[in-house]
Amino acid sequence: MRDIFQYIKLADVTLREGRQAQGFAMTPASCMSFMRLIDDFGVDIVELNHPASSSELHSFIQDAIALPGVQAKLATHVRCVRRDLELAFETGCKNIHCYISASRGGLREARETFKRSVDDIKAVSDECLRTQANLRISFEHTFALDLDFLGDAYLQLADMLAVSRLGFADTTGSCFPDKVLDYVHNIACIVPANIPFHFHFHNDHGLAAANFLALYSIADQLQRELVFDVSVGGLGERNGILSFGDVLSIMYLRNKKELERRFNLQSYKELFDFVRQYVNGNNFVRRDPINPAAFTHSAGPHLKGMLRDGSYESIDPNSFGMRAIYNVINSGTGWRGVKAWIKESFNCDIKEESAKCVAAEIRSLTAQHGSLHEHELEHVIKQYLE
Ligand SMILES: [Zn+2]
């Protein structure tokens with residue numbers, strides 16, 4: 001029997017998910033330094049960012065791939081749409097983490113989105129095979145989807161040559177381990193064991209580590225590779241995601257010797273301290289599920305979902321006397337969030353085209369400088385106000 005650790009792979013997402021955390025800002029140069037540190041630590045995969053967000057992030061990904069001597073597999077993260085996939089191939093990145101948008105519980109919408117996604121994957125599959133890129137496809141809100149639908153969808157994806165890994169995302173961090181295990185067992189029965197599963201656990205309700213432990217405990221039964229997204233300090237949107245701290249603590253208790261063999265634990269403090277410099281200190285702790293950042297939404301598609309039906313809010317902030325905050329100053333922001341934020345902050349309507357320009361400029365500037373000062377932001381917005 002293989003050692004249980006052999007089934008577990010860690011994908012660092014600090015540079016993508018982490019950058020969506022409120023108050024976290026890194027320049028491209030600091031991202032490169034981070035890459036060196038995380039690679040020295042021995043993580044299996046490093047997820048870079050969205051090449052479709054801005055030309056600056058597209059260039060950053062190309063620069064990161066060109067870094068000599070990196071051992072970890074490097075990955076990009078894109079929506080499962082043809083344009084994004086083509087941009088991802090263009091970067092030369094060999095691992096493409098792709099997600100299918102879904103709102104919580106909307107089966108009809110999920111079916112339609114899936115159909116479009118399959119068409120888009122088919123349209124790029126020759127290019128995918130030619131460039132030898134590996135596609136990981138994951139549904140947002142996986143555990144809120146109908147299990148029969150998910151099984152049919154993942155079986156269809158597993159049959160596609162271009163698809164090499166399937167993902168499970170607890171996008172609002174509200175799924176309990178029993179349901180996670182039920183879904184994983186069911187899908188594992190129908191999808192061949194040579195297709196690894198990839199997990200993304202948010203931590204809004206403190207369940208991320210519990211779900212990691214639940215899967216870790218059955219890894220030898222599943223007999224397939226399990227990849228987990230982790231970030232330094234658990235940094236991520238709202239209350240963050242599964243943290244290296246929790247994963248390493250659990251693995252340490254289970255098999256300290258093997259953990260020390262796999263990872264350069266001595267270098268972890270340097271990595272942690274490095275990231276801490278770029279974070280608002282208050283956010284860099286294991287967080288209370290109702291701290292103010294828990295209701296801060298950042299990524300463009302998430303802001304869109306919030307405006308549509310509150311898809312990304314699994315705790316009503318009003319219950320605790322708080323309110324949702326739209327953090328539009330980040331490299332993945334979108335026009336709908338920007339438009340709503342301008343309306344709220346300046347009591348001013350802005351046209352769709354203008355909101356798209358403001359969003360693109362914010363994405364570009366934050367990709368270059370990490371963050372924006374208030375006066376810089378005002379300058380960007382004032383150009384487009386009516
Ligand atoms: Zn996430």
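In which handedness of crossing does α3 pass α4? The crossing is right-handed, meaning that the near helix is turned clockwise from the far one by less than a right angle. This is a predicted model, in which local features need pLDDT of at least 70, side-chain atom pairs count only at pLDDT 80 or more, and totals for chains, interfaces and linings use all residues. Residues are numbered from 1 along each chain as its sequence is written.

**Overall build**

- The protein has 14 helices and 10 strands. Helices (H or I, at least four residues) and strands (E, at least two) are DSSP runs, numbered from the N terminus.
- The C-alpha trace spans about 65 × 45 × 45 Å along its principal axes.
- Of the 386 residues, 47% are buried (20 or more other C-beta atoms within 10 Å of a residue's own, C-beta atoms being placed from the backbone).
- Of contacts between residues at least 6 apart in sequence, 76% join residues at least 24 apart. A contact requires C-beta atoms, placed from the backbone, within 7 Å.

**Helices α3 and α4**

- Helix α3 covers residues 82–91 and helix α4 residues 107–130. Their axes come within 9 Å and cross at roughly 20°. Axes are lines fitted to C-alpha atoms, for helices over the stretch in contact, and angles run from 0 to 180 degrees between N-to-C directions.
- The two helices are therefore roughly parallel (angles under 35 degrees).
- Arg82, Leu85, Glu86 and Phe89 of α3 meet Asp120, Ala123, Val124 and Glu127 of α4.
- By class, this contact of α3 with α4 has four nonpolar, no polar and four charged residues. Ala, Val, Leu, Ile, Met, Phe, Trp, Tyr, Cys and Pro count as nonpolar, Asp, Glu, Lys and Arg as charged, and the others, Gly among them, as polar.

**Helices α5 and α6**

- Helix α5 (residues 147–158) packs against helix α6 (residues 177–190) at about 40°, with axes 10 Å apart.
- The crossing of α5 and α6 is right-handed.
- Leu147, Leu150, Gly151, Tyr154 and Leu155 in α5 meet Tyr183, Asn186, Ile187 and Ile190 in α6. Seven of these residues are nonpolar, two polar and none charged.

**Arg130**

- Arg130 lies in helix α4. Arg130 counts as exposed because it has 9 C-beta neighbours inside 10 Å, the cut-off being 12 or fewer.
- Arg130 and Ile325 are 195 residues apart in sequence and 43 Å apart in space, C-alpha to C-alpha.

Conventions: Contact = placed C-beta atoms within 7 Å. Parallel < 35°, antiparallel > 145°, perpendicular 65-115°, else oblique.
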